[in-house]
Amino acid sequence: MKLAEELYVYPWTHTQANNCNAYLAGGAASMLIDPGHARLFQHVEMGLSRDQIKAMPRLVLLTHCHPDHLEAAIPLQRAGLKVAIHATEAAYLEGEGRQLAASLGLSMPEITFDIFLDEGELTLDGESFQVIHTPGHSPGHICLYWPRHKALIAGDLVFAQGVGRVDFPGGNAEQLKQSIMKVAALDLEWVLPGHGPVIKGSASIKKNFEFIQKMYFNQM
Ligand SMILES: [Zn+2]
């Protein structure tokens with residue numbers, strides 16, 4: 001579903017299965033963010049075809065390594081896409097991340113990454129993004145800011161009226177709070193979370209951060 005010029009969302013609306021919202025930065029960037037579970041990726045493919053996106057993106061960018069965001073990156077990589085993740089998150093996946101999956105009775109996906117991200121500017125064919133390291137939900141979690149749209153692809157840092165869980169191994173409530181404060185200071189017209197509805201417009205976004213501060217920060 002098109003949100004703005006070259007910016008698309010594939011929201012997860014089923015209630016019986018867990019998957020994340022996937023986002024596409026089209027055009028020159030040609031980047032898919034958080035493709036979701038491999039077995040549910042068909043839903044993204046259908047969305048791409050509805051939006052008449054003819055060429056598959058070239059890059060998969062992961063906000064973090066949890067399987068409901070990462071898993072479909074594996075078949076996509078086999079199909080020739082490059083996969084990018086924060087270096088800290090790649091290391092976490094090999095350690096605590098694997099324990100987390102085992103404790104949930106899941107096997108953590110086996111993947112080797114092509115590109116290791118760090119905080120700062122990411123330029124793809126002239127299109128400029130900011131990678132923002134936002135630990136808390138997981139140690140190498142990132143958000144992606146697209147200045148052209150004042151859009152924050154937020155992963156599991158912040159949702160409409162909610163925040164990411166910190167009770168997983170590698171989670172840290174104080175870091176989550178700091179990370180939320182960091183992104184709340186950006187000039188934002190879109191907050192595009194990994195789960196739940198998209199938040200549009202600076203006034204709604206400001207209200208959402210105020211709500212989160214009031215409801216969650218005292219308990220963190
Ligand atoms: Zn997660």
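## The sheet

Strands S8 and S9 (residues 127-133) pair in the antiparallel sense over 5 bridges; pairing here takes at least two DSSP bridges between two strands. Gly120 sits opposite Val131 in S9. Both strands belong to an open sheet of 6 strands, ordered S8-S9-S10-S11-S14-S15, with mixed pairing. S8 (120-124) and S15 are the edge strands, each with a single partner, so one side of each has no neighbour in the sheet.

A word on the model. It is a predicted one, so local features need pLDDT of at least 70 and side-chain atom pairs count only at pLDDT 80 or more, while totals for chains, interfaces and linings use all residues. Residues are numbered from 1 along each chain as its sequence is written.

## Overall build

The protein has 7 helices and 15 strands (DSSP runs numbered from the N terminus: H or I of at least four residues for helices, E of at least two for strands). The radius of gyration is 16 Å, close to the 17 Å that the globule rule gives for 220 residues, so the protein is as compact as a globular protein of that length. That radius is taken over C-alpha atoms, and the rule is 2.2 Å times the number of residues to the power 0.38.

Of the 220 residues, 42% count as buried. Buried means 20 or more other C-beta atoms within 10 Å of a residue's own, exposed means 12 or fewer, and partly exposed is in between, with C-beta atoms placed from the backbone.

## The core

The largest nonpolar core has 57 residues, and Val60, Leu62, Cys143, Leu144, Leu152, Ile153 and Val191 have the most contacts inside it. Such a core is a set of buried Ala, Val, Leu, Ile, Met, Phe, Trp, Tyr and Cys residues joined through C-beta atoms within 7 Å. Strand S10 (residues 142-146) gives the most to this core, with 5 residues.

Take Leu152: beyond its neighbours within four places in sequence, its contacts include Cys143, Tyr145, Val183 and Trp190 (contact: backbone-placed C-beta atoms within 7 Å).

In H7 (residues 202-216), Ile205, Asn208 and Ile212 are buried. Down the helix axis they fall within an arc of 60°, so they line one face; the arc is that of directions from the axis to the C-beta atoms. On the other side, Ala203, Lys206, Glu210 and Lys214 are exposed. The buried residues of H7 pack against several elements, including helix H6 (173-184) and strand S14 (190-193).

Helix H4 (residues 87-94) has Thr88, Glu89, Ala90, Tyr92 and Leu93 buried. These pack against strand S6 (82-86), helix H5 (96-103) and strand S7 (115-117).

Technical notes: Two residues are in contact if their C-beta atoms, placed from the backbone, lie within 7 Å.
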